[in-house]
Amino acid sequence: MRREIPLAICFLLGVVMTVQFFIPHAYSQWLLANMEKWLIIIAIFALLLGLLNLIKIHVQKVTRRRRDWVYSIVALSGVAASIVTGFGWGIGAESPFMKLYNYIQIPMQATMFSLLAFYIASASFRTFRARTLEATLLLIAAVIVMLGRVPLGHVVEDGLRLPAISEWILDYPNMAAKRGIMIGVGLGAISTALKIILGIERSWLGGGD
Amino acid sequence: MHISHDIWVWIAAALTLCIYSFLYKDNPFYKFAEHLLVGVSAGYLLVIDYYNNLLPNLITPVSKGMGVLLTTGQFTGSLAALVPGILGLIILTRMLPKVGWMSRWALGFYFGAYQGLIITGAMQANILAQVWGTFVKGGNPVFSVALFGDFFAHPGFGHIILAISGPLMIIGVICTLTYFFFSTEHKGIPGGVAKVGIVFLMIGFGASFGYTVMARVSLLIGRINFLLTDWLGLIR
Amino acid sequence: MKKIGVLLAVLALGGFAFAEAAPGPAGVTAIDLPNDAGKTIVLSWPASPLDKEKTFQGYEIQRRAPGETAFAPIGQTAPGEFGFTDQPSEAEDGTKHLVENGVKYEYRVFALPGKGEPVAMGEAAAVAKGQWYNTDRTNVLLGIAFVTSVIVFFIFRAKSGAKLFVRKIAGLEAVDEAIGRATEMGKPILYVSGLSDASDISTIAAMTILAKVAKKTAEYETPLIVPCFDPIVMMVEKEMVKEAYMEAGKPDAFDEDSVFFVTQSQFGYVAAVDGIMVREKPATNFYMGAFFAESLILAETGAATGAIQIAGTDRVTQLPFFITACDYTLMGEELYAATAYLSRDPLFLGSLKGQDWSKGAIMILLILGTILLLISTDAGLYFANLFKTAAESAG
Amino acid sequence: MNIYEKFLRLDRRYIFIFVAVGVVIPLIFPMGLAVSTSPPVENVYKEIQSLPPGTPIVLSVDYDPSTEPELSPMTVAILRQCFSRKLPVILMTLHPGGPGLALDISHKIAQEMGAKEGVDYVFLGYKAGLSAVILSFGQDLRISFPADYNNVPLDRYPMMKNIKSYNDIGLVVTISGSTFPEAWIAYAHERYGEKIAAGVTAVMAADYYPYLQTGQLIGMLGGLKGAAEYEKLSGRPDRGLKGMDAQTIIHLFIVLLIILGNIAYVFVLRAQRRGAPGPSGA
């Protein structure tokens, strides 16, 4: 019973939501609109579990004086700061919660993101080697598009027509490859979803009886 | 040059530098920033989810519905919000070893519903839309005999490109699909076609790699601008 | 092959769903908007001769609901606009404009000249109602019907014990080797199952692959680190890994804290995983599932620590970065094939065969369309439009 | 290990230093590399230049901090042009993350150009309900924005006296990192025939070219390059052109790295006749 009921629920919901797609009627639209909200709400309750797990891990690190336990205190106080300010003073534009967000979270996220500029350089140096035909094609395409997107004067733009060529590569060969992948992905997704609905793929249930 | 007098700008700048220090090597400054970011962002999400989802989509409607139910004894649509509320509580049973298995009911609901959405979504966006897009570009077919006609009428680089681009797209899609055939070894004819597929894949990957560089560099420029302008005031 | 023939036939039928509605006769027409939940009526009318004048004001639409004695204006359109959609709306002052299903509304349209009286364009009436089947989605229905039947067919064939061949997939051949290497070096294995939630099919693929990987790490007793981006994924993966260790007969080798939640903030998560890589120095990094801009940050940091890296994603835009920075990469559908490949479970192999046959069908459709385009552009275009959907190409 | 192998094993931190320097230097000391302007950008510039002084323009700041580096230079450049041509600007945003950015930019540029709030420009603030807001401008923008960001009724402002609907607005410029321009096209252009110009991120640009061909967009600025071209046209170099210098340097630097890497690789191959395995996934 501990496996059959969830499998049955999964099957039922899977079929209902598939059929729903084809029914424009108000009831069906009501279901879709609410289902989207509901699933988010379920996920939020799970987030509570996640947060508790995060706290547990770091509290353990501190109490057991594991390596770098000091930083676990930082993480815990970060969680506390967000939650206390958020529920204490609300999330208005000028609230301390938003200050935390705008001057601590956003800058750090943006900076992590910008690391890509460095890594994209090191990666292309490290890996763009004409080892095989494929590798050579990859790096040539990359170089053409890179040069095609910055102003390098008339030599490149009118002489070599790099901007035009890079546009063309993006629009045709690149698009063709993308479509091929996406069609395959679509089929893989459908068959996986199918296996889950039919209860063939049930590893999400986890172990135990 | 006038350095910022805003304490928050200084904090932001300091944390920015802490993250960049990771490029040299892992160090206490990065560890500090990393843990702070993890903590703050994890808490942030809970708070935001509460105000933007739980409050309007669960707490308010349920309390409203309950009010109506208790006063007039009528069931209203807003009570539907009880469904996710109960499922959410069931998820939480995972914390209790004895009844933890109950959380699977909620998971069944969650996974089932999404599989339904995925099947239709994938067929629509990944398969049909892509097949259609292989033939049609901006409302016109990707290629036609007429284009070849133009080429033979007045041969030229431009015309030949126009003429072959469409067919090239279709060939590319077919070859790429062949690469993803799992039932046959990559030998013989399918092997050859798959090889062409790989050629398309690699050109495509190279192109989108090069295409992304610009956007990534802009992000770095953005951060440096913040440091030089908002913080140090080196640039006006 | 005959299945494909069937698909063509049914798709052709489905095509009529796209036949454009013929333009209405002169005078005002009112129709219930098809394929919707109702509560919407679409009006159209021919151009008024006055419309050419510079001073022309546009058109006024008036409506009368049953029980109402007089027509009341409900909207205006600009000159040169010969259509109006009547649907429920709410004005700033809170007054609601209703359109009820099953109610017969009468409409009148007037042309508004620069000066002088409005000129009647005519009358029309319509009843709004919700439909039970969306004819615009017939092609989706047929597509799903076909793919599903093929896949189910092969699953049954597999059940009946048919031998099913699957080609080598380099990235998956490498899994054992990679785990073995970690064991020799006595270093842990890092498994990142993407930065999307459990609603994302690639995340589900990643979870099922983890189940297989965990079984092997359990056998070798290699430490496993699974930082999670999504709490539901964490819940499920914890169970899966525990199960894997039980199956491997090493329940006590399972560490409750090896699967843990980090944060759902994209770059917060990346910062933490980067930290794990440089501190724990895993011998092998797996990146399976949905990845976004962060893919290269992870892969480059991992490469710098000298780990063997096996990636797998269906996110086309991120594949280039994994291809360049990782040792092995499962591209797109290969990610979904992995479970079948690693488990060799006949049911899974069967579904994989189904996917291949569906691919074959699609290729034939592509070739057919090409031929049609060569014969006649119109025929080709008509055929192509059988596949047209509301969803714009995600490519 | 010969010099080439050493080079191939170059510590990536040297590369990082070059990247950092390659961005910082041009930002402090612009080099003004020649940016050639493209028609989509020129069309936006010409359109605004051709508007008679006093014609109001709607400038919608439809992005948030995540795409700010690419998009703000556009907002700035266009705002400057409007102020210098004495075109009253109606600033607004349909993106919840927009108000902060719009405020900063408008204050800074207004100060710089000596423009006055309420006289040369107003900031309406943020309003939810994308399409509804855009449509309401067809009747009267006061339906969505009875008052501005500071809650001052619009009619208190002299410049707003004669501005009611799209009929009174010369051009709508939407700066966006996502699909907002599509909404403007669908509701403001298709329904009310309003002229729309867009500024979008480099990544989004490709998606909007079709709208240029069909004329649904009168012009478009794509990514930092678009901003740079615009600054060049209006002769006010700023973050766009500086950024472009940095962009060019980094792109060239990466290409150089690839070329040098491959030269070294060839020599190493010569030295030891053993090729390395091909790239993964291939």
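**Exercise 1.** State which residues of chain D are linked into a cluster by ring pairs.

*Solution.* Ring pairs join F137(D), F145(D), Y166(D), W184(D) and Y192(D) into a cluster. Rings of Phe, Tyr and Trp (its six-membered ring) pair if their centres lie within 6.5 Å; planes under 30 degrees apart count as stacked, over 60 as edge-to-face and the rest as tilted.

**Conventions.** This is a predicted model, in which local features need pLDDT of at least 70 and side-chain atom pairs count only at pLDDT 80 or more, while totals for chains, interfaces and linings use all residues. Residues are numbered from 1 along each chain as its sequence is written, chains are lettered from A and ligands numbered from 1 in the order in which they are written, and side-chain values use heavy atoms, with hydrogens and water left out.

**Exercise 2.** Find the number of aromatic pairs in the whole structure, then describe the pair of F118(A) and Y20(B).

*Solution.* Step 1: the search over all chains gives 48 aromatic pairs. Step 2: F118(A) and Y20(B) form an edge-to-face pair, with 6.0 Å centre to centre and 70 degrees between the planes. Step 3: the pair joins two chains, because F118(A) lies in helix α4 (residues 96-127) of chain A and Y20(B) in helix α1 (residues 7-20) of chain B. Helices (H or I, at least four residues) and strands (E, at least two) are DSSP runs, numbered from the N terminus. Step 4: both F118(A) and Y20(B) are buried, that is, under 20% relative accessible area, where exposed is over 50% and partly exposed in between (1.4 Å probe, protein chains only).

**Exercise 3.** Describe how strands β8 and β9 of chain C pair.

*Solution.* Step 1: strand β8 (residues 104-112) of chain C runs antiparallel to strand β9 (residues 119-127) of chain C, over eight bridges. Two strands pair if DSSP finds at least two bridges between them. Step 2: Y105(C) has A126(C) in β9(C) as its bridge partner. Step 3: β8(C) and β9(C) form a hairpin with six residues between them, and G116(C) in the turn has a positive phi of about 95 degrees.

**Exercise 4.** Say where in chain C confidence is lowest and where it is highest.

*Solution.* Step 1: chain C averages a pLDDT of 88, pLDDT being the predictor's confidence in each residue, from 0 to 100. Step 2: confidence is lowest in helix α1 (residues 2-15) of chain C, at a mean of 44, and highest in strand β10 (residues 189-192) of chain C, at 98. Step 3: where pLDDT is low, the predicted coordinates should not be read in detail.
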